[in-house]
Amino acid sequence: MDRTLLAALNEERAARRAAVVVTELATGRQRLVRESEVGGDPLADPIEKAIRSGKSGIAETGAGEVFLNAHLPPARIVAIGAVHISQALAPMAKIAGFDFEIIDPRTAFATPERFPGAVLTAEWPEDVLKARPLDAYTAVCVITHDPKIDDHPLISALKAGCFYVGALGSRKTHARRVERLIGAGIPQSSIDRIEAPIGADIGASTPGEIAVAILASVIEAFRKRKMFAERRGEKEPA
Amino acid sequence: MSETAIELDVLKTAERWAGEGRSLALATVIETWGSAPRPTGSHLVIDAEGNFEGSVSGGCVEGAVVAEAIDVIEAGAPKILEFGVADETAWRVGLSCGGRIRVYVERVA
């Protein structure tokens, strides 16, 4: 592998963008195909397939065997709300293999003592997300119950096409939330993507159980590749 | 998703090592059959002294890959290695799970 190619690949990975390394096994010839360049590549179809499935593998071409190594950004979960549920979710998400971070501007909640070892930011979500924007490989769980904190990241998550978007709250709370989102100009088809009540319907009651339910939903969305709009049944972006 | 959270980033390590002027090879799992321990695309980076990071088999055949990688670093041409069948040889090389893997080894230059 050429060092320049390696550096370019690492740059894409650091920026959380998908990329595929194409290697002709007979000749050793190699190229990097960025997500944005797939359409123009002679192997567009198999490369597209590798990105969609997240699976690397060999493609048979006129030039012989070609190995397609798909590099997709690691999945992460962003929890809005340093609440009791997040305390349970933080270690569970880590065990399940997700990058995990919590954002909550309320300094009384967002303390390192309550979240040992977790990535925790005690600032407003709109400020944090400006620096570290959401993307399709991110799941967003809004769980503060407070529209002042929840609504902005919720809308950002829908616009970014996050592979999972869940919001805590009863059906009544969610009905009021839907009204606010409609008022903010978010199309109904996007609003329908929000899982509310949040988490798999397993009758979860305690914070720990709700964390399990949330994680189950996130894993399902991840494994069903909901980071791709067509897998979500969406045609138009939010 | 699961690997990235706990393992060292092999490709970042490779870039760093290359930046230090070390001669390197990169090994990549390109094909698997049966119950292979690491998925296609998994990497192992090796330097000329035999130091390595990452895995192509979860520890079974890394020793053999490292030895071949040192040859690749010297010779320059890439190589394709194949390991494992469900017989005595596989047990000895280490793929006791009965899986089979193909590994592409190339120089980083």
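Select chain B. Chain B has four helices and five strands, where helices (H or I, at least four residues) and strands (E, at least two) are DSSP runs numbered from the N terminus. Read from the N terminus, the order of its elements is α-α-β-β-β-α-β-α-β. This is a predicted model: local features need pLDDT of at least 70, side-chain atom pairs count only at pLDDT 80 or more, and totals for chains, interfaces and linings use all residues. Residues are numbered from 1 along each chain as its sequence is written, while chains are lettered from A and ligands numbered from 1 in the order in which they are written.

Colour chain B by burial. Of its 109 residues, 42% count as buried. A residue is buried if 20 or more other C-beta atoms lie within 10 Å of its own, exposed if 12 or fewer, and partly exposed in between, with C-beta atoms placed from the backbone. Among contacts in chain B between residues at least 6 apart in sequence, 53% join residues at least 24 apart; two residues are in contact if their C-beta atoms, placed from the backbone, lie within 7 Å.

**The A–B contact**

Now show both chains. The contact takes 22 residues from chain A and 21 residues from chain B. On the chain A side, α1 (3–14), β3 and β4 each supply at least two residues. The largest share of that side, five residues, comes from α1(A). By type, the chain A residues that touch chain B divide into 12 nonpolar, seven polar and three charged. Here Ala, Val, Leu, Ile, Met, Phe, Trp, Tyr, Cys and Pro count as nonpolar, Asp, Glu, Lys and Arg as charged, and the others, Gly among them, as polar.

**Chain A, domain by domain**

Colour chain A as domain 1 (3–71) and domain 2 (76–232); these bounds come from an automatic or database domain assignment. The centres of the two domains, taken over C-alpha atoms, are separated by 32 Å.

In chain A, select helix α2, residues 44–53. Which of its residues are buried? They are A:I47, A:A50 and A:I51. Seen down the axis of α2(A), these buried residues fall within an arc of 95°, so they line one face of the helix; the arc is that of the directions from the helix axis to the C-beta atoms. The buried residues pack against β1 (19–24), β2 (30–34), β3 (57–61) and β4 (64–71) of chain A. On the face turned away from the buried side, α2(A) carries the exposed residues A:D45 and A:S53. Just after the helix, A:G54 takes a positive phi of about 75°.

Next, select residues 78–217 of chain A. UniProt lists this range, in an unreviewed entry, as "domain: XdhC Rossmann"; UniProt positions are given in the numbering used here, feature names are shortened, and annotations may be inferred rather than shown by experiment. Over residues 78–217 the chain is 44% helix and 14% strand, and the end C-alpha atoms are 14 Å apart.

**The nonpolar core**

The largest nonpolar core has 98 residues. A nonpolar core is a set of buried Ala, Val, Leu, Ile, Met, Phe, Trp, Tyr and Cys residues joined through C-beta atoms within 7 Å. Those with the most contacts inside this core are A:V20, A:V140, A:C141, B:A25 and B:A27. The largest share of the core, eight residues, comes from α8(A). At least three residues come from each of domain 1 and domain 2 of chain A.

Centre on A:V140. Leaving aside neighbours within four places in sequence, A:V140 is in contact with A:V78, A:I80, A:L134, A:P153, A:A157, A:C162 and A:V165.

Move to A:I214, in helix α8 of chain A. Is A:I214 buried or exposed? A:I214 is buried, because 29 other C-beta atoms lie within 10 Å. With neighbours within four places in sequence left aside, A:I214 is in contact with A:L89, A:C141, A:G166, A:I198 and A:G199. The C-alpha atoms of A:I214 and A:A139, 75 residues apart along the chain, are separated by 10 Å.

**Backbone stops**

- A:H145 lies in the loop between β8 (138–142) and α5 (147–160). Its phi is near 80°, a positive value in a residue other than glycine. A:H145 is partly exposed, with 14 other C-beta atoms within 10 Å.
- A:P197 is in the loop between α7 (188–191) and α8 (207–223). A cis peptide bond joins A:A196 and A:P197, with omega about 0°.
- A:R225 is in the segment after α8. Phi of A:R225 is near 60°, a positive value in a residue other than glycine. A:R225 counts as partly exposed, with 17 C-beta neighbours inside 10 Å.
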